[in-house]
Amino acid sequence: MSNYNIYLKLPRHLHQWLTFTLGNPVVFPAYSNENAVIRSFLSKRPEGVDPEVAAPGLTAIAIPDSVAKPPEVYNHIGERGKAAVTEAIKDLFIRALWADMKPVTGSKVRVNTLLSAWCESHGIDLDCIENVRQSFYRLRKQYDKKGINLKNIS
C-alpha cells in the first residue's frame, strides 16, 4: 500500500467502524470493490492544488498501489469521486452489519441489545448506536415494502 491518502468526511459511526476494522489510515483489501472505486476516480493533482492533509473529522483512506495509476502521480480525487467512495463504504458497512446481525435476530434477545453489543465489538461508541439502529431498521423496512420479510418468525 502506498503512503498516499485521500481524506473523507464520514459519519462518526462509519469512521469508527472503518478505522477499528481496517486501521488508520484505512487499507482496503487488495482486490476490493472499494479500491476499484478509488482507482477509477484517481487523477493527477491539478496544478495549483495543494495535496490533502489530515484534519479532525476526516478519515484517511490509503490510495492503493497500481501499475496503471501509481500513487506518486495519481493522488487526487474530486468531490464526486469521494462521494462514490463514501457510497461504497456505506454499502460495505450495511452488508457487514446485516451479515452479523441477521443470524442472531431470531433469538429472544432484543434487537437494541444485539445492536449495542455489535457496536461495542466493532469499535463504535455507544452514542452512535442510534445511527446504526436506524440503518438496520431502514434496510429491513425497504425490503418489507417490496414484500420481502427479513424479520425472523418464531
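## Confidence of the model

The average over the protein is a pLDDT of 91, and 95% of the residues score at least 70. Where pLDDT is low, the predicted coordinates should not be read in detail.

## The nonpolar core

The largest nonpolar core contains 32 residues. Within this core, Ile 61 and Trp 118 have the most contacts. At least two core residues come from each of the following elements: strand S1 (5–8), helix H1 (12–22), H2, H3, helix H4 (111–121) and H5. Helix H3 gives the most, with eight residues. In soluble globular proteins, nonpolar side chains tend to be buried together.

Which residues does Trp 118 touch, not counting residues up to four places away in sequence? They are Trp 17, Phe 93, Ala 96, Leu 97, Asp 100, Met 101, Ile 124 and Val 132.

## Helix H1

Helix H1 has several buried residues: His 13, Leu 14, Gln 16, Trp 17, Leu 18 and Thr 19. The buried residues of H1 pack against strand S3 and against helices H3, H4 and H5. After H1 comes Gly 23, which has a positive phi, near 90°.

## Packing of helices H2 and H3

Helix H2 (residues 33–41) packs with helix H3 (residues 79–101) at an angle of about 175°, and their axes are 9 Å apart. Because angles over 145 degrees count as roughly antiparallel, H2 is described as roughly antiparallel to H3.

On the H2 side, the residues in contact are Asn 33, Glu 34, Val 37, Ile 38 and Phe 41. They meet Gly 81, Ala 84, Val 85, Ala 88, Leu 92 and Arg 95 of H3. By class, the contact comprises seven nonpolar, two polar and two charged residues.

## Ile 129 in helix H5

Ile 129 belongs to helix H5. Is Ile 129 buried or exposed? The relative accessible area of Ile 129 is 13%; residues under 20% count as buried, and therefore Ile 129 is buried.

Leaving aside neighbours within four places in sequence, Ile 129 is in contact with Ser 116 and Cys 119. Glu 79 lies 50 residues from Ile 129 along the chain, and the C-alpha atoms of these two residues are separated by 28 Å.

Definitions and conventions. Residues numbered from 1 in each chain as written. Predicted model: local features only at pLDDT ≥ 70, side-chain atom pairs only at ≥ 80, totals over all residues. Heavy atoms only, no water. Axes fitted to C-alpha atoms, helices over the stretch in contact; angles between N-to-C directions. Helix = DSSP H or I, 4+ residues; strand = E, 2+ residues; numbered from the N terminus. Parallel < 35°, antiparallel > 145°, perpendicular 65-115°, else oblique. Contact = heavy atoms within 4.5 Å. Nonpolar A, V, L, I, M, F, W, Y, C, P; charged D, E, K, R; others polar. pLDDT = per-residue confidence, 0-100. Core = buried A, V, L, I, M, F, W, Y, C linked by side-chain atoms within 4.5 Å. Buried < 20%, exposed > 50% of the residue type's maximum accessible area, 1.4 Å probe, protein only.
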